[in-house]
Amino acid sequence: MIDTITRQQVADDQRINITADLFGVYFPLRLEPFVYAMTSKLSDDYSGGYWQFYTLSNGGFYMASDSDGLFQVISENGHECMMSADALGITVCLYAYSHLSFGDDEFSDTCARQYHMLRDFMLEHPEARSILAAID
């Protein structure tokens, strides 16, 4: 039997510690700006705001806008759909991890591992079909 991957919201006072442990200085310098830029690129509905951070029971991590609204998404492959903030966060983190995994350093390896851990979690997400279509 395969265990369900669960998520836990990172407490505000633990955000810096968690991201530093997982990504080091690359989180604020490369990963976080990439996620925000990709979100703006994929959805004209996105206009900034606070983001929640989540750790996964398999060691993964993702972040998502703290919004209750839906976002119209037009992905780089032309797929169009409406997504929740959570699904959009997963989508842009998968984009970021994939893009940033092409290198020959420890951060690239970390992004490759994070991509697979987040993808495993995403496959059980209610919006998995839309996320898969957006990242295909």
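Q: Why is D104 called exposed?
A: In this predicted model, D104 has a relative accessible area of 78%. Exposed means over 50%, buried means under 20%, and partly exposed lies in between (1.4 Å probe, protein chains only). At 78%, D104 is therefore exposed.

Q: Where does D104 sit, and how far is its C-alpha atom from that of Y46?
A: D104 is in the loop between helix 3 and helix 4. Its C-alpha atom is separated by 32 Å from that of Y46, 58 residues apart along the chain.

Q: What makes R113 partly exposed?
A: R113 has 48% relative accessibility, so it counts as partly exposed. This residue lies in helix 4 (residues 106–122).

Q: Why is L22 called partly exposed?
A: The relative accessible area of L22 is 26%, which makes L22 partly exposed. L22 belongs to helix 1 (residues 15–23).

Q: Which residues does L22 touch, leaving out those up to four places away in sequence?
A: L22 touches G59, F61, T110 and Q114; contact means heavy atoms within 4.5 Å.

Q: How do you know that the span of helix 3 agrees with its number of residues?
A: The expected span of a helix is 1.5 Å times one less than its number of residues. For the 16 residues of helix 3 (residues 85–100) that should be 22 Å, and the end C-alpha atoms are 22 Å apart, so the two agree. Helix 3 is also mostly covered, with 14 of its 16 residues buried.

Q: What is the pattern of helices and strands in the protein chain?
A: The chain has five helices and five strands, and along the sequence they follow β-α-α-β-β-β-β-α-α-α. Helices (H or I, at least four residues) and strands (E, at least two) are DSSP runs, numbered from the N terminus.

Q: How do you know that the radius of gyration agrees with a compact globule?
A: The radius is taken over C-alpha atoms, and the globule rule is 2.2 Å times the number of residues to the power 0.38. For 136 residues the rule gives a value near 14 Å, and the protein chain has 14 Å, so they agree. Along its principal axes, the C-alpha trace spans about 40 × 35 × 30 Å. Buried residues make up 43% of the 136 residues.

A note on the basis: residues are numbered from 1 along each chain as its sequence is written, and side-chain values use heavy atoms, with hydrogens and water left out. Local features need pLDDT of at least 70 and side-chain atom pairs count only at pLDDT 80 or more, while totals for chains, interfaces and linings use all residues.
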